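Trainee: Could you take me through one part of this structure up close, and then show me where it sits in the whole?

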Amino acid sequence: MHLLTNKETNKKTIALLIIGIIFISTTLRAPLTAVGPIISYIRDGLDISNVLAGFITTIPLLAFAIISPFAPKIARRFGMEITLFLAILLLAVGIIIRSLGTPFFLLLGTALIGVAIAFGNVLLPSFIKSKFPLQLGLMTGVFTVSMNLSAGIGAGISYPIADGTSYGWQGALGFWAILAIIACIIWLPQIKQKQIVVASPSTNVEKAKSILKSPLTWTITLCMGLQSLIFYTTAAWIPEILQTQGMDAEKSGWMLSIMQFAQLPMTFLIPILAGRLKDQRILVALFTVFYLIGFTGLLFGDISLALVWMITLGLGGGASFGLVMMFFSLRSRTPMEAADLSGVAQSIGYLLAAVGPVFFGFIHDETDSWYTPMILFLVTVVLLFFAGMHAGRARYVSEEVQ
């Protein structure tokens, strides 16, 4: 009988941990991006308004805002591994409930999905900082790529499932419960680890609260909110915008999918580059240029060049998301401080982002046009640029409150 050496065992343990991180990451966006391409099916099938349809995207963001500050506290109590497992299990339940076919279950399931994803959003970056301190940029890149790869697949296949199968929009949304269940199974071995996050004397409760006094905390929070607002609002309405410009529904869904896939190289490269740079402002300028090209082209450009606009928006979105995720680790000294910063930034940031899908839907309903919402996208990009330039300077949150 062959006995594994400690070295072989460690390699297998690390490999299983990385696979678990990848699978949990894939569950954190696809259940949300699957909504945009089929939002008209959901709206018509349940006879709801555009504003209420926008709430399908907004409810998870409100859940992120409410739950995010509590995620680090619960992880301290039960351990990150167990907390993440229960969160993904709740996600599977929420996806199933959301697909039952009534407005009540749609909203209830969506709320549960938001609660579950909030834990993953907050805890995975600090978990990676704890487990892989010497490969922080690489593993953050793996985390963000996994999220965006599944997001792109979710946006691309939801319309074909809803339109081309007997399962309809309910099947298109419920499909993602399978992935969540698989993620739970793969994560099971990690439960034995039960890593309790113990705060050191320098990261006690008062220290955690003190980061609220740091201007850098609020700048990173604004970055988180604005880039999330752009992502979730485009995920909800880009297919509709393209359809009003003459594109058919299936193609518009794939355009959103292409935008998600275009994020992949940036979500992998930007965290690695950010980890090697002392000053990340050049990366802020880079994603700003991509955003401006994409939104300006979508507003004034030729619809035949929609592929170009989607790719540039994807590059901008991937770069901004990857950089903000790295800010949680780069601007903190310890994993617990990273979790606290992540909790604050995601709570308030997602509250800001939650305004996007509903507000943009409201403006469209009032003006019967997507012109004004598109101008608002450009304004949002400019605000994100100034916030990012401030956050991109090398320093720690704790330095500003000592």
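Mentor: Let's zoom in on the last helix and then step back to the chain. This is a predicted model, where local features need pLDDT of at least 70, side-chain atom pairs count only at pLDDT 80 or more, and totals for chains, interfaces and linings use all residues. Numbering starts from 1 along each chain as its sequence is written, and side-chain values use heavy atoms, with hydrogens and water left out.

Helix 17 covers residues 371–391; helices here are DSSP runs of H or I, at least four residues, numbered from the N terminus. Its 21 residues reach 31 Å from first C-alpha to last, close to the 30 Å expected, taking 1.5 Å times one less than the number of residues. Its buried residues (under 20% relative accessible area, 1.4 Å probe, protein chains only) include P373, M374, F377, L378, V381 and L384. An α-helix has 3.6 residues a turn, so residues three or four places apart point the same way. Further along, A387, G388 and A391 are buried too. The cover over helix 17's buried residues includes helix 12 (215–244), helix 14 (281–300), helix 15 (306–330) and helix 16 (335–367), judged by contact, meaning heavy atoms within 4.5 Å.

Now the whole chain: there are 17 helices and zero strands, and buried residues make up 58% of the 402 residues. Of contacts between residues at least 6 apart in sequence, 84% join residues at least 24 apart. The C-alpha atoms fill a box of roughly 60 × 50 × 35 Å along the principal axes.

Notes
Helices (H or I, at least four residues) and strands (E, at least two) are DSSP runs, numbered from the N terminus. Buried means under 20% relative accessible area, exposed over 50%, partly exposed in between (1.4 Å probe, protein chains only).
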